Structure formats: structure tokens, C-alpha cells
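Colleague: I am new to this structure. Please show me how to read its features, one at a time.

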Amino acid sequence: MFKKLAGSVAICVLALGVTGAVAQDVTLRVAYENNPGEPVDIVANYWKDLVAEKSEGRIGLELYPSSQMGSKADVTEQAIAGLNVVQISDVGFLADYEPDLGVLFGPYLTDDPAKLFAIYDGEWFKAKEEALRAKGVRIVMPNLLYGVRQLITTKPVRTPADLQGMKIRVPNNIMQIKILEAMGATATPMPLGETFGALAQGVIDGVENPIAVLYGQKFHEEAKYLSMINYLTNTAMFIGGEAYFSSLAPEDAALLQETAYEAGLYSQQLITDLDAKMVEEMKAAGVEVIEVDTAPFKELSMKVYSEFPEWTPGLYDLIQAEIQ
């Protein structure tokens with residue numbers, strides 16, 4: 001017996017004549033911007049192995065690193081349309097669907113990832129998760145640690161004044177655009193896959209991202225100044241389409257989400273272990289690591305919390321109360 005999904009061959013139900021039992025083969029495509037060998041890729045492979053083991057091979061993950069499936073917006077549209085795909089995302093991007101989530105991607109919210117993950121396990125976030133599902137978005141892995149976002153540039157940045165006139169690549173989400181502009185930079189949104197070329201050609205002067213991404217994308221080959229501005233503790237997630245996950249057998253959907261959570265826990269230790277090693281390797285490649293005074297950067301960026309009139313009144317204070 002075969003069940004056909006729109007635009008997808010993800011699920012194939014086979015009648016097993018020998019035993020009379022029915023087995024279901026499921027293939028889920030996993031898309032992300034990061035290159036092979038980066039922590040996100042390592043976590044995706046860890047998740048893939050978990051799924052294969054716990055499903056006894058009935059469910060398989062196909063990995064598509066390095067933006068092979070296109071932009072984040074394109075892949076999200078595919079997921080919402082019902083295709084068998086999940087992709088890496090964060091709450092900054094999901095704020096397009098549920099505005100209040102943008103507060104969790106705000107500057108200097110906390111330097112403790114555990115406090116952010118605790119919010120994701122709480123009632124406030126569960127309500128937001130249900131609102132996303134009503135809009136076609138299913139959070140599959142809620143607890144991926146992406147890292148603390150820093151700044152690598154072609155000229156040294158020691159104070160916010162040094163950012164004046166510098167074009168800094170940011171993801172295409174309004175929160176990060178506002179933050180970098182508040183600090184004095186010219187925020188320049190572009191897909192991660194286009195960023196190395198733009199840096200090499202002088203189209204941009206720098207990139208903000210966690211250490212693992214800056215290193216994995218080899219930005220330090222073109223930019224030799226790493227400023228530790230620590231402006232954003234970046235948790236992340238993998239998201240898919242509600243239509244697709246609702247079409248799965250409940251036990252298969254549950255297995256995918258349970259193994260995803262386990263892989264997310266793995267990511268939290270992995271990032272902690274790798275960051276220091278990658279910084280040392282960047283130093284060996286000629287990068288100057290600048291330990292900046294973060295206070296002036298924080299002072300300038302805090303105003304962005306008042307620039308989202310679409311947020312629920314008192315949202316920032318509510319989140320701060322949960323973080324304490």
C-alpha cells in the first residue's frame with residue numbers, strides 16, 4: 001500500500017507478506033547553511049545515526065549542508081507546503097511568523113544558554129510553539145546551541161566608533177539588522193553561502209556569527225580581526241512543516257522529535273568543547289583576537305528592545321523575569 005504526499009515521496013508503506021506486519025519507510029531531508037565538519041553538521045550526523053538506530057533503519061535522514069537546498073526562506077516555504085524537509089532556523093527568523101519570539105534573539109539578553117533553553121521548556125514558549133503550528137511551522141529540534149555571536153572584520157574593531165562606515169553581513173532578520181545598526185555598522189543582509197565571496201571581493205567589511213561558523217566558513221582567510229563582542233547567545237532549532245509531520249504515523253513523528261532533542265543536548269556540549277580550539281587555530285592563521293569592553297556595545301544596542309511595537313506590552317520584562 002502506498003500513500004502519496006503532495007510533492008514528496010517521503011513515505012512508502014510496504015505490506016510485508018511474510019509476517020503480515022506493515023513497515024513504513026520515511027525519508028526526511030535536513031537542510032542547513034553550514035559546511036561539512038562544522039558543529040551543526042556534526043550534530044546533524046549524530047541525529048541521523050540516532051534515527052537510524054532507534055527506528056531500526058525504517059526512518060532515514062538525508063543531509064544537505066552548505067545551502068544545497070537554497071535559501072532559508074525558500075526551504076521554509078517548501079516545508080510549509082508539505083515537503084519532507086527540515087532546516088536550521090532560530091527565533092529571529094521565526095519572528096516573521098510569531099513576532100514575540102524576536103525578543104529571544106535580542107542583544108545581551110543573557111550569557112547563559114541554559115537560561116534560554118529553560119524558557120523554551122516553559123509555558124510561554126509552548127504557547128508560541130502552538131501558534132507556529134497553526135501557521136504551518138513545526139519545531140522539531142528546539143534546543144540546538146549555535147554559539148555566542150562575535151565579529152570578524154578586515155579592520156580592527158575595539159569600540160563601536162570603529163564600526164562606523166563598515167558593512168557587516170547579517171542574516172536577513174530585522175532584529176540583527178537593528179542591533180548592528182544601533183552599534184554603528186551598516187548592516188548588510190545576505191545568505192551565508194554568498195558571504196565568503198562578498199568578503200573576498202570587498203563588498204562587505206566583516207561578518208558576525210558564532211566562532212564555529214566564522215571558522216568553518218573560513219572567513220579568517222580574508223578577515224584578520226576577531227572582536228569578542230559577545231552580543232548574542234544564539235540558540236537555534238530545526239523546523240519543518242506541520243502538514244508533513246501531521247501526515248506521519250504518530251510514533252514516527254515522536255521518534256523524530258525525541259531523537260532531535262537528544263541531538264540538541266549533544267550540541268550544547270560540542271560547542272563548548274570546540275570554541276576554544278577554533279580560536280587558537282584562528283590565531284595560528286594570523287588572526288588578532290580583540291577582547292573588547294562590551295559595555296559600550298551593550299549600551300548602544302539596548303534601544304532595539306523598544307523598537308518592536310508589534311510585541312506584547314511588557315514582553316522584555318516578562319522574559320527577564322524568567323531568565324533571572
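Predicted model: local features only at pLDDT ≥ 70, side-chain atom pairs only at ≥ 80, totals over all residues.

Colleague: What is the volume of the largest pocket?

Modeller: The general idea comes first. On a 1 Å grid over the protein atoms alone, a pocket is an open set of points where a 1.4 Å probe fits, with protein on both sides within 12 Å along at least five of seven lines; lining residues have an atom within 4 Å of a point. Points are joined across faces, edges and corners, and the volume is the space filled by probe spheres set on them. Here the largest pocket has about 390 Å³. Its lining has 24 residues, with Glu33, Lys72, Arg169, Pro171 and Asn172 nearest the centre.

Colleague: Which helices and strands supply at least two residues each to that lining?

Modeller: Helices (H or I, at least four residues) and strands (E, at least two) are DSSP runs, numbered from the N terminus. In this case they are α2 (72-80), β4 (85-89), β5 (137-153) and β9 (225-241).

Colleague: How do the lining residues divide by class?

Modeller: Ala, Val, Leu, Ile, Met, Phe, Trp, Tyr, Cys and Pro count as nonpolar, Asp, Glu, Lys and Arg as charged, and the others, Gly among them, as polar. The largest pocket has nine nonpolar, nine polar and six charged.

Colleague: Which residues line the second largest pocket?

Modeller: Among them are Tyr108, Asn230, Thr294 and Lys298. The pocket's volume is about 180 Å³. β9 gives the most to the lining, four residues. The classes are four nonpolar, four polar and two charged.

Colleague: Is Tyr108 buried or exposed?

Modeller: Buried means under 20% relative accessible area, exposed over 50%, and partly exposed in between (1.4 Å probe, protein chains only). Tyr108, at 13%, is buried. Asn230, at 34%, is partly exposed.

Colleague: Where is Thr259, and which residues does it touch?

Modeller: Thr259 lies in helix α10 (residues 250-284). Thr259 is buried, with 2% relative accessible area. A contact means heavy atoms within 4.5 Å. Not counting residues up to four places away in sequence, Thr259 touches Trp47, Leu50, Val51 and Lys54.

Colleague: What lies 2.8 Å from a polar atom of its side chain?

Modeller: The backbone oxygen of Leu255 does. The backbone oxygen of Leu256 lies 3.0 Å from a polar atom of the Thr259 side chain.

Colleague: How many bridges join β5 to β9?

Modeller: Two strands pair if DSSP finds at least two bridges between them. β5 and β9 run antiparallel, joined by 12 bridges. In that pairing, Thr153 stands opposite Tyr225. β5 also pairs with β8 (residues 206-210), antiparallel, over five bridges. There Leu151 stands opposite Glu208.

Colleague: How many residues of β5 are buried?

Modeller: Of its 17 residues, 16 are buried, so β5 is mostly covered.

Technical notes: Residues numbered from 1 in each chain as written. Heavy atoms only, no water. Polar contact = N/O pair within 3.5 Å; in protein donor to acceptor, adjacent residues only side chain to side chain.
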